[in-house]
Amino acid sequence: MTVSVARTARRLDHRKDALWLAALVHRLSGLALAVFLPLHFLTLGLAIDSEARLEGFLRWSDAPVVKLAEGGLVFLLAVHLLGGLRLLAVENLAWHDGQKRLAVIAGVAAAVAAVAYLAVVL
Amino acid sequence: MAGVPTEVQAEPKPSELKVSLWRGTDEGRYQDYAVPQRQNQTVLDVVTYVQRHLDPTLAYRFACRVGMCGSCAMTVNGRPRWTCRTHVAKVAADGRLEIGPLENLPVVKDLATDMSRFFEHWQQAKGTFAPTKTRDDPIEPIRPDSAMRIAASAAIECINCGVCYAACDTVRWNPDYLGPAALNRAWTLVNDCRDGAVPERLQAVAARGGCHACHTHQSCQAHCPTALNPTASIAGLKRRTVQAWLTGEITR
Amino acid sequence: MNLSLYLWQRGTAALMAPMVIVHLVVIFYAARHGLTAADILGRVRGSLGWGSFYALFVAAASIHAGIGIRNVLSEWSPLAERTAGIAAAAFALVLFGLGLRAVAAVTLP
């Protein structure tokens, strides 16, 4: 006799499905962008004081670790955009089978965009 | 004689299935049973075996056992399925089964859930036909190839089994959400030219918890045993309600 | 989520899709050419075009993020829907304020 507290002892299996993961990635990337945006705006606001302050920040952000983080942000923005376009398509265009493949392609495209960015800046 | 299949093995193979069944109500535990493995066996066969030979206190539901009524829906290895149409060989490759009641519904006992909320949501979505004619009126001519009838027919075979409702995470996270089955039915009626309650129905599905709460996870469509597509129906409702709002047929 | 919020959410999304692409191009351009603060400010200061573009972008993003946060709060946090709505609206206002300030900082002459 096994003892289990949670009713679904085995992880809910549908959470491995490609389209469910696409929806989760869309939500999580949106959350991450929402957290990032105020910081982004505050940084740009440094220009009010002086161009030198903004330049100081931009120099700090030359560090590779910061560039890696920026690559991550490019990925988040691209993946959120592509996921959103997928949603708009499903909701407004005729039904299309084969969305799983498109969702995977979208994820890969976002990753490619991020890598391209890193290739430029690193 | 060549070509004649041998009889299906009646005696159990030496191997056994390790079956964990949910016992209790919303609180409880999984209890293990050893069930003889047979050559052709559905998950419903397994549950029935336990109740008849091992533990008569087990509570579960079934009726037709041939995939027509939807009564036997349960969570099998993490997914909601019709147990009478799920072959053990397909889901328990390693000889292990974990069977629980459908998710997102309160448990009456063991594997049986209380489906009241599912049907209340159905009513809230105005999922009932509102007739406009009497028996003395001529029959409405409906062309089977009309766009509306094609849309309705694609979604009409729902037997209220609750699998989509159990699979949906938005149902899990949003207690107001009417759910895929209710909205799918509403869509078939919105496309029925004989129905007299379309504006009220559109207003109902445009309210809080209606079609706009759907995040298009598509778990409903992935799990429907009748291969229906509530995601597409709900997308249709989203478009239709926006149209209705633009023309003033419904209010925000 | 209701019809009204849905329209605002999808509407701002559709509006922002081309804007995000422009923004990504700008990011890549600035990175590729190693632009300094002086370079960037030199190009956008006093520009009505860039100012309007990014002001609109900020407005749309604030609404879109606000509604998204509202959904996440009401579905994933213990907050009641009304409280989630208030918190999300507050967040949207903060974002809008900071965003306009940033646009002003960078584009006003």
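1. The model is predicted, with local features needing pLDDT of at least 70 and side-chain atom pairs counting only at pLDDT 80 or more, while totals for chains, interfaces and linings use all residues. Residues are numbered from 1 along each chain as its sequence is written, and chains are lettered from A in the order in which they are written.

2. Chain C holds four helices and zero strands, in the order α-α-α-α from the N terminus; helices (H or I, at least four residues) and strands (E, at least two) are DSSP runs, numbered from the N terminus. Chain C is more spread out than a compact globule, because its radius of gyration is 16 Å, well over the 13 Å from the globule rule for 109 residues. That radius is taken over C-alpha atoms, and the rule is 2.2 Å times the number of residues to the power 0.38. The C-alpha trace of chain C spans about 50 × 25 × 25 Å along its principal axes.

3. Of the 109 residues in chain C, 34% are buried (20 or more other C-beta atoms within 10 Å of the residue's own, with C-beta atoms placed from the backbone). Among contacts in chain C between residues at least 6 apart in sequence, 73% join residues at least 24 apart, a contact being two residues whose C-beta atoms, placed from the backbone, lie within 7 Å.

4. The contact between chains A and B takes 21 residues from chain A and 26 residues from chain B. On the side of chain A that touches chain B, helix 1 (18-49) and helix 3 (64-92) of chain A are the elements giving two or more residues, and helix 3 of chain A supplies the largest share, four residues.

Terms used. Buried ≥ 20, exposed ≤ 12 C-beta atoms within 10 Å, placed from the backbone.
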